[in-house]
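Hi there,

Here is the structure I promised to send over. Have a look at it first, and then read on for what turned up.

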Amino acid sequence: MEDCEGAVASLEKRSRDDSDLPVEFMESLLQGRLRNTYLAASKGMIPLYEAVVNSIQAIEDDAAAGAQPIRSHKITVRVIRSLQTSLQLEGKGGARERITGFEVTDDGIGFTEDNWKSFRTLDSLWKAQRGCRGIGRLMWLKAFKQVRVDSVFAEDSELKCRRFRFDVAHDVKPEGSVEAASGPKRTVLCLEGFEPRFAEQAPKTARVIAIGLLEHCLWYFVREEGVPEVVVEDGPDRLVLDDLYDEHMHSAAHAEQVEIKGEPFEIMHVKFRAAVNKTHGLNYCAAGRLVKEEAIQGKIPGLSGAVTDDRGQFTYAAYLTSPFLNERVVEQRIGFNIEDEVDGMFAATDISFRDIREAVLPRVKEFLSDALEQNIAAGKERVATFVAKKAPRYRPILAHIPSDELVVDANISDANLDALLHKHLFRVEQNLLSEGHKVLSPGDDETEEAYEKRLDDYLQKVSDLKQSDLANYVTHRRVIIDLLAKAIERDASGRYVREDVIHELIVPMRVTSDDLAFRRQSLWLLDERLAFHDFLASDKPIATMPITESACGKEPDIASLRTFDNPLLVSDKATGPAASLTVVEIKRPMRSGFKAGQSEEHDPILQALDYLRRLREGAKAKNGRPIPNADKIPGFVYVVADLTDRLRGCCELHHLKITADGMGYFGYHPSAFYNAYIQVISFDGLVASATERNRAFFDRLGLPSV
């Protein structure tokens, strides 16, 4: 402890002894500061914006000194272009030359001795109370080769003139001495030699330049003190920012105060006319400049797309200002030293962007409450219609989604709305899983009534979720039927799809029931019973199937084996399983060329029966156990094809009967050689039958069944 006290005393003594020594200041090198200053190529207009803001502040200083009020002053921005025509632009003015610089003229206080000293001092604190960092002029030399200034100002009751040049090679170089001038007060600042990488991405027309300048300096236009007249001149074009402001403004701006963790903030609510190409946004300002833009579209219920009030459509923008933002803006004024979110020990004091949003967005919601009602109603109607007609799977879970989160843009696409609702479904499933681990464990201080209610709520949610799963499956069936109906139509060229397209809808090709891809099967289109099988192959050689010993290399479209438990109640010996075989043959829609009974290639019924016969050769269960009397096990044959005249001839040759609806044939081939039930189904009959069998489910979900 004594050593520590001695060290402190020694430091205090050295401090007193050094107080009489001359002070040495650290020098700052312009080239080094520029090297460490970043400006993105897309931000090439920032130097011009900085120059205009400096002019506004110079006029404020002049007004504060007792001169004319702010609104009586004027700033002129002149666009300087090259002499050679190198760029063709459409619109007013026709051809335009490449922009090489800008000239900014104001009638503010000018480069008085104090301002001259501040300009020559990097990181000057002269305007610190305004949130300025003293490096704005560095931005000029990032995008332009040099800056020339000619300023006439009043000092000691007389007018004087100061001219100087500012560039990397010479820093600040006066051009002559300060001399008497005849007036009027005026400062002309020329930004010369627009660097190509910035010029290429900069606006090319006076109107776009003026609109960008207005948006950057909008805070000055909406504040009570007002703004000087600002004019942008580009050859014959002359744009007054006040006129653009009136053109873009939907109504008068409205300001309100809010406090965030002890720091004062002001929100300026602005409505732009909907014709302006803007999105709803929160704009962070510092030292009167727009620094950061953040889209809030969709973050407030109903704030999506254009919003309408009694004066018409508008786009909303909030401009946020605060001493806190002035302190935290980075040097280049292209961002803030603010964390997105603060956790831990500093969460109670440090302000994050999340804190700002949580404080500001409710105020925005309140400000726009009347205008948002119509959007909220339209969004909810959009969700209700989509769920009722196209996605009934979500209907059971709608009650478990907060109403504010069900407000969407009425013009949202089906795909995006489906994705949004699916996210909510996933969240409900996750919450349900979490609750499931807790529901069987009553809390220590939980009453019986409270536990029963929690259990009932959980079971209701489980029931709703299961209904959603069922609705999803039924909706999937509706989609498959619609795809099948579309697939069998003739296209614009008069052609029909190949049979493999139909095949893929019913079951994926070249797979077996052991493959993962088989999960995409829709065998229910043919017969619900086809889902029950021990083994099924789609477009596979017979020789590769484990259910037969046949060496045949032919490939049935679909072949399956189903085994049954032994039905005998009393038996004195072990017997093999009973079984049945199924073969499905699919033909291209409106295929012609069938010839009854001639060959397997021309008779699809004979072709399917031959597949069945070959499968019976050494038929066995999937596990390799033999099937008794395999050559006699019953078979089921399905042929799916359009009922052309020649196919009808094939059906009649095999003694099949036409169905009551006329869209198919059925029968039984009694010979021991085949022993098969045969069904020929037309594509129209397939669609109609599948729809009819599922009609009750479609009707229950409100889906179209025709």
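In what order do the eight strands of the open sheet lie? This is a predicted model, and in it the order runs β18-β19-β20-β21-β22-β25-β24-β23, with mixed pairing. At the edges are β18 (511-512) and β23 (657-658), each of which pairs on one side only. In general, strands of a sheet pair through backbone hydrogen bonds, either parallel or antiparallel. Strand β23 runs antiparallel to β24 (residues 664-669), and two bridges join them. If you want to find this spot, look for K657, which stands opposite F666 in β24.

Next, some backbone angles. Most residues other than glycine have a negative phi. R510, however, has a positive phi of about 60° although it is not a glycine. Is R510 buried or exposed? Its relative accessible area is 54%, so R510 counts as exposed, the cut-off being over 50%.

K261 is another non-glycine residue with a positive phi, in this case near 50°. K261 sits in the loop that links β12 (254-260) with β13 (263-273). With a relative accessibility of 37%, K261 is classed as partly exposed.

Last, the surface charge. A patch of negative charge brings together E448, E449, E452 and D456. Of these, E449 belongs to helix α14 (residues 448-487). E449 is exposed because its relative accessible area is 58%, and exposed means over 50%.

Conventions: Residues numbered from 1 in each chain as written. Predicted model: local features only at pLDDT ≥ 70, side-chain atom pairs only at ≥ 80, totals over all residues. Heavy atoms only, no water. Patch = residues over 30% accessible without salt bridge, like charges linked within 9 Å, V, L, I, M, F, W, Y side chains within 5 Å. Areas by Shrake-Rupley, 256 points an atom, 1.4 Å probe, with all protein chains shown as cover. Salt bridge = Lys/Arg side-chain N within 4 Å of Asp/Glu carboxyl O. Lys, Arg positive; Asp, Glu negative; His and termini not counted. Charge placed at Lys NZ, Arg CZ, Asp CG, Glu CD. Helix = DSSP H or I, 4+ residues; strand = E, 2+ residues; numbered from the N terminus. Buried < 20%, exposed > 50% of the residue type's maximum accessible area, 1.4 Å probe, protein only. Pairing = 2+ DSSP bridges.
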